[in-house]
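Please examine the sequence and the three-dimensional structure shown below. The explanation after them is meant to be read with both in view.

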Amino acid sequence: MPTQALLPILLLCVQLLQAQGGHLRRNKMNSAAKACQKQPSVQHCSNHCSYFLKCPNSDTICCSTFCGNVCMDLL
């Protein structure tokens, strides 16, 4: 493949990566949910966080658990 064709292909790949939001942005979203200190019960699995990892109550925090991201009490 000629070297003249490699540069446009590389630029196209960079533009497609930027259009998708980049790989770093997705990793930051996934790492926003913290692992909880206490073990969740099965009842906590029905109380999921929002898409943006926010909880409706101010006394709860979004935690990463075995059943997904759930809102758990701070206490």
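The following paragraphs proceed from the overall fold to the disulfides, and then to individual residues and the surface.

This is a predicted model, in which local features need pLDDT of at least 70, side-chain atom pairs count only at pLDDT 80 or more, and totals for chains, interfaces and linings use all residues. Residues are numbered from 1 along each chain as its sequence is written, and side-chain values use heavy atoms, with hydrogens and water left out.

The protein chain contains two helices and three strands. Helices (H or I, at least four residues) and strands (E, at least two) are DSSP runs, numbered from the N terminus. Along the sequence, these elements occur in the pattern α-α-β-β-β. The protein chain has 75 residues, and 20% of them count as buried. Here, buried means under 20% relative accessible area, exposed means over 50%, and partly exposed lies in between, with a 1.4 Å probe and protein chains only.

How many disulfides does the structure hold? There are three, a disulfide being a pair of cysteine sulfur atoms within 2.5 Å. One of them is formed by Cys45 and Cys67, whose sulfur atoms are 2.2 Å apart. This pair connects distant parts of the chain, since Cys45 is in the loop between β1 and β2, Cys67 is in the loop between β2 and β3 (68-73), and the two are 22 residues apart. The link of Cys45 and Cys67 is left-handed, with -95° about the S-S bond. Cys45 counts as buried because its relative accessibility is 17%, whereas Cys67, at 24%, counts as partly exposed.

Another disulfide joins Cys49 to Cys62, with an S to S distance of 2.1 Å. Cys49 lies in the loop between β1 and β2 and Cys62 in strand β2, so that distant parts of the chain, 13 residues apart, are linked. With 115° about the S-S bond, the link of Cys49 and Cys62 is right-handed. Both of these cysteines, Cys49 and Cys62, are buried.

The remaining disulfide to be described is that of Cys55 and Cys71, with an S to S distance of 2.2 Å. Because Cys55 lies in the loop between β1 and β2 and Cys71 in strand β3, the pair ties together parts that are 16 residues apart in sequence. The torsion about the S-S bond of Cys55 and Cys71 is about -105°, and the disulfide is therefore left-handed. Cys55 and Cys71 are buried.

The loop between β1 and β2 also holds Leu53. Although Leu53 is not a glycine, it has a positive phi of about 60°. Is Leu53 buried or exposed? Its relative accessible area is 17%, and Leu53 is therefore buried. Ser58 is placed in the loop between β1 (34-35) and β2 (60-65). Ser58 has a relative accessible area of 76% and is therefore exposed. The C-alpha atoms of Ser58 and Leu74 are separated by 9.4 Å, while the two residues are 16 apart along the chain.

Attention now turns to aromatic rings. A pair of aromatic rings is described by the distance of the centres and the angle of the planes. Rings of Phe, Tyr and Trp (its six-membered ring) pair if their centres lie within 6.5 Å; planes under 30 degrees apart count as stacked, over 60 as edge-to-face and the rest as tilted. One aromatic pair is found in a search of the whole structure. The ring centres of Tyr51 and Phe52 are 5.1 Å apart and their planes stand at 85°, so this pair is edge-to-face. Tyr51 and Phe52 are both exposed.

In strand β2 lies Thr65, which counts as buried because its relative accessibility is 16%. A polar atom of the Thr65 side chain lies 2.6 Å from the backbone oxygen of Gly68.

The last stop is helix α1 (residues 3-19), where Leu7 is located. Leu7 counts as exposed because its relative accessibility is 52%. Together, Leu7, Leu10, Leu11 and Val14 form a nonpolar patch on the surface, with about 370 Å² of accessible area. Patches are made of residues with over 30% relative accessible area and no salt bridge; like charges are joined within 9 Å and nonpolar side chains (Val, Leu, Ile, Met, Phe, Trp, Tyr) within 5 Å. A salt bridge is a side-chain nitrogen of Lys or Arg within 4 Å of a carboxyl oxygen of Asp or Glu.

Notes: Accessible areas come from the Shrake-Rupley method with a 1.4 Å probe; for residues, only the protein chains shown count as cover. A polar contact is a pair of N or O atoms within 3.5 Å; within protein, one must be able to donate a hydrogen and the other to accept it, and residues adjacent in sequence count only if both atoms are side-chain atoms.
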